[in-house]
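Please keep the sequence and the model in view while reading.

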Amino acid sequence: MRPHRVRLRRPPRGEGSILALLGSAAPVVLLGALAMTVGPQPVRAAPPSGTDFTIQYWTTNADGSRGRQMTANDLRGYVNKARCECGQAVSARVRLSSSEALDAVPVRTFVGNRCDQGQLGNNAQARPCALAIDDFTNTYTRNIDFEFNPLWLASGVTSDGPRDINSATAAATCDAQTGDGGIWVCVENLDQPDCQPEEFVVTGQQTEVTDADGNTPSLTYDFLPPTINATNFRAQGGDGSVVIKWDNSTTTDIQGYRALCANADGSPVDGKGFSLSSVTQQNNGTVYFTAENLCPDGPFDQVDVDPDPDPIAPDTDSGTDTDTGDSTDGGDTDGDTDGGVAELEAEPDWARGSGEDCCTAGVCSDAPCIVAVQTQDASCDAQNWGESCAALATDYCSVCGGDGSCCLPNDTPSCLDTPCAVTVCGDNPDCCNVRWDETCASAAETACANLCAPPDDSTTSGGTSGDPATDTDSTTTGGDTGGETDTDTGGLAGYDTTGIESLDWAYVCSDFIAQNASTARIDGLQNDQEYQVLLVAFDYAGNPVAASDVFIATPRETTDLWEQCDAQGEICGKGGFCSVTTQPNPKGPGWLLLTGLFAMVARRRRSAGGHA
Amino acid sequence: MSAGLLAAALVAAPPAGTPSEAAIARQSNVNTEAPRRDKFGRPGSPQRFAFEIKLGPYLPDVDRKYEGPGFGPYATIFGETDGEGVVNDAPKVGLMPVLGFDWQFFYAGGPLGLGTQVGFFRDKAQAVLANPTDEDETVRSAADSVTFSMVPISALFSYRFELLADRYRVPLVPYGEVGPTYAFYWTRDGRGNIARDDEGDRGAGGVWGFTVNAGLMLRMDFIERGTAKKLDQTTGINHTYLFGEFSMGRLDNFGAGSSISIGDVTWFAGLGIEF
């Protein structure tokens, strides 16, 4: 399949001349050959170790310039789906410090995760990482600065393309991935060409930042919005306000909420909204991000993405990695006896994304299944696929006979379509708290008609090799939604909810609402005027999800005791702490106190007279 | 020494291993001394203070001055309602917890004391819609609730007639308290802010008044006198009481013309100690 490519906006940086050599193993092979043939060999100095390298990260501004150095909180929660979609680069610095003389050996710096496994080229879950720097030891003794698109933290490169970070094609999009990534450094020992797993001395986890607890967090990427477990949302009009309430339940990935509001016509409410002071502002878990909010004028930077890359052949021999390119030339795989293709077709189901290993504990190699299960339990990792993950897979993965569709029953709470789940669980909370049973599925067929419509009505094709370009467009730039399928906002016929459903910051009407809250008030609204309201949940990285349908509520003026007292003849008088200033009531009991006072004074006088 | 003298000595002396009388007296739990008495002749440790905690129904008499038709303003907001939120009965009484403390400075058949007591009361109801329409199922707002809160603080002169309890073991102690009271109050609107009327006057402040309490205390010592005495010896608590009292609070700035009235005539029950 031909990848969807977008031309790089940012030109290659200073390392371009060196990186231009990449994509070919020639220099390394040549160097290796020289090292093996020239003799006698001199005594080698010890190669640099991981601790000899300093790895630092910075944020970047919209123009790509370096912002502030990342803190521990940044490392844990800065890289989110929106920053990935906007291509807001991460700036990195690599430096080698060694007190001893170093041999000039090739040192390669990669960006990604599991780069050591990716180098093998035979692991479906770990593709080769993007190569950022390819140089020799002495070059690293100076600060080497470079920027990279955050997508590279989560995605490897396509097997048939270049590995240079400035020209490589990513094998995944900014969707539904979470994990730790970072800088990987390989110091070659010249025994074999290219980097071998054991030659990686910096393995992605290394940073120079220590948090308050003494931990050194690694750079985390989180492109996965939280799962909604809160149910029974309702909105009620208060005095100049709208109060939203929901039934909170234990959630794993929700950091907090924001309430959104809009006028009845869908426009933002005057005086409301949220704006970011800087695109490098620390998330702090109190702000959510979408690409449309963060980069409304379009991505800051883009990389080529092939959302449906060719699979990697599980070539376990230690030969060169260039053979993977062969596997891409055969578009027709049917009945072909060609060796390379036949070998590919004979490989396990991971190549087609239908590995049944997901159905049992161990590892899971079916990418759609991993994504589906992670929507229910973000801790499920492909390489660490526990019993609970396997159990979820039986419900949510077609390879295991399960289906997380809202239209079918399963043995776990909720279903994959959040708006549908919210709608159904609003009437039957057990569907999201206990089990999505037949009753829930039946309710979904009624309440989520579009979702449960026959396949020929759905907008997704039947899996033919359609046009992936449309998929990537929708994930990278959401500016023009085209007005399609906007009418399924449960019972809100006649209201234009596209604005508020876009989660635009202009619609933010509340401060941060804590994760354990179950009510929030939107103040500053006009009485007797309809408003749209929506609750947005987000995780620590700021990935949002609409936690409710759009509701309509009308603020209503209310009367309190003080106003009622005023209306019924100032029964309560005037407030204040010094109100004994008006004329006393002659019928009141004040005379009793005064009489007692006079009696005491008279008694003292008589007593004093007696003594005299 | 003759054999006779030796025999007499053996009979008179305690056998070997038997503790001496001095040792027995030293180790004995039985107090053979005369009971300790304070300067007023009461047995036990000196008694100077009293502490009590009590709870009782309370309903501020805000509508006392209302003479118009229907319900007064307090009942209109906090009264019993029908299914449509319309008031159909007076408000339910709430509960007011009160803490009291006395300094007992003189004994005249019972302690005379000066003390203070602090209570707290809060009432809450769904706010009334200012302009309900025919389409409204109820005249109450589902989103907003309004509250009225008060904290009365009293300075009380007290007398507890403990003579019968002290001298004749009659476990009943009648008492009376009287003194001025200042009550803070505040009422909040549906948004949770201090309420304001159309002229901007805040629905918060304080009113003067007075409080009269009269009650009967049941001295609990008779249940287990030994335990009561030991409690006195180990902690200094002379007596423990269960009590009930009649209470009249008139909190309306002594009838000043435009003051809110938040007193009540009610009763309290509680626990008390003297120490």
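**Sheets and interface**

Strand β13 of chain A, residues 241-247, is joined to β17(A) by four bridges, and the two strands run antiparallel. The coordinates are those of a predicted model, and the pairings described here are to be read as features of that prediction. Within this pairing, V242(A) is found opposite I522(A), a residue of β17(A). The two strands belong to an open sheet of three, ordered β12-β13-β17 in chain A, in which the pairing is antiparallel. Its edges are formed by β12 (231-238) and β17 (519-522) of chain A, each of which pairs on one side only, and the twist from one strand to the next averages 15°.

A second open sheet in chain A has four strands, in the order β2-β1-β4-β7, and here too the pairing is antiparallel. The edge positions are taken by β2 (66-69) and β7 (144-148) of chain A, each pairing on one side only, while the twist averages 35° from one strand to the next. Between strand β4 of chain A, residues 90-96, and β7(A) there are five bridges, with the strands running antiparallel; along this pairing A92(A) stands opposite F146(A) in β7(A). As background to both sheets, strands of a sheet pair through backbone hydrogen bonds, in either a parallel or an antiparallel arrangement.

P197(A) lies in the loop between β9 (178-187) and β10 (200-203) of chain A. Which residues does P197(A) contact once its neighbours within four places in sequence are left aside? The contacts are with D116(A) and L120(A). The C-alpha atoms of P197(A) and R114(A) are separated by 9.5 Å, although these two residues are 83 residues apart along the chain.

In chain B, a series of antiparallel pairings can be traced from strand to strand. Finally, β8(B) pairs with strand β9 of chain B (residues 204-219) over 15 bridges in the antiparallel sense, and Y185(B) stands opposite G205(B) in β9(B).

The two chains meet in a contact that takes 39 residues from chain A and 54 residues from chain B. The size of an interface is often given as the accessible area lost when the parts come together. Chain A and chain B bury about 3,700 Å² between them, with 55% of it on carbon and sulfur atoms. In chain A, the residues that lose the most area to chain B are L561(A), W562(A) and I571(A), which together account for 19% of what that side buries.

How many salt bridges are counted between chain A and chain B? The count is five, and one pair in a salt bridge is D136(B) with R556(A), whose side chains meet at 2.7 Å, N to O. Across the interface there are 18 residue pairs in polar contact, both residues being at pLDDT 80 or more. On the side of chain A that touches chain B, the elements giving two or more residues are β12, β13, β21 (558-559), α17 (561-567) and α18 (590-611) of chain A, and the largest share, six residues, comes from α17(A). By residue class, this side divides into 11 nonpolar, 18 polar and 10 charged residues.

Strand pairing also crosses from one chain to the other. Two bridges join β21(A) to strand β6 of chain B, residues 121-129, and these strands run antiparallel. In this pairing T559(A) stands opposite V128(B) in β6(B).

Technical notes. Residues are numbered from 1 along each chain as its sequence is written. Chains are lettered from A and ligands numbered from 1 in the order in which they are written. This is a predicted model: local features need pLDDT of at least 70, side-chain atom pairs count only at pLDDT 80 or more; totals for chains, interfaces and linings use all residues. Side-chain values use heavy atoms; hydrogens and water are left out. Two strands pair if DSSP finds at least two bridges between them. Axes are lines fitted to C-alpha atoms, for helices over the stretch in contact, and angles run from 0 to 180 degrees between N-to-C directions. Contact means heavy atoms within 4.5 Å. Buried area is the accessible area (1.4 Å probe) that two parts lose on being put together, summed over both. A salt bridge is a side-chain nitrogen of Lys or Arg within 4 Å of a carboxyl oxygen of Asp or Glu. A polar contact is a pair of N or O atoms within 3.5 Å; within protein, one must be able to donate a hydrogen and the other to accept it, and residues adjacent in sequence count only if both atoms are side-chain atoms. Ala, Val, Leu, Ile, Met, Phe, Trp, Tyr, Cys and Pro count as nonpolar, Asp, Glu, Lys and Arg as charged, and the others, Gly among them, as polar.
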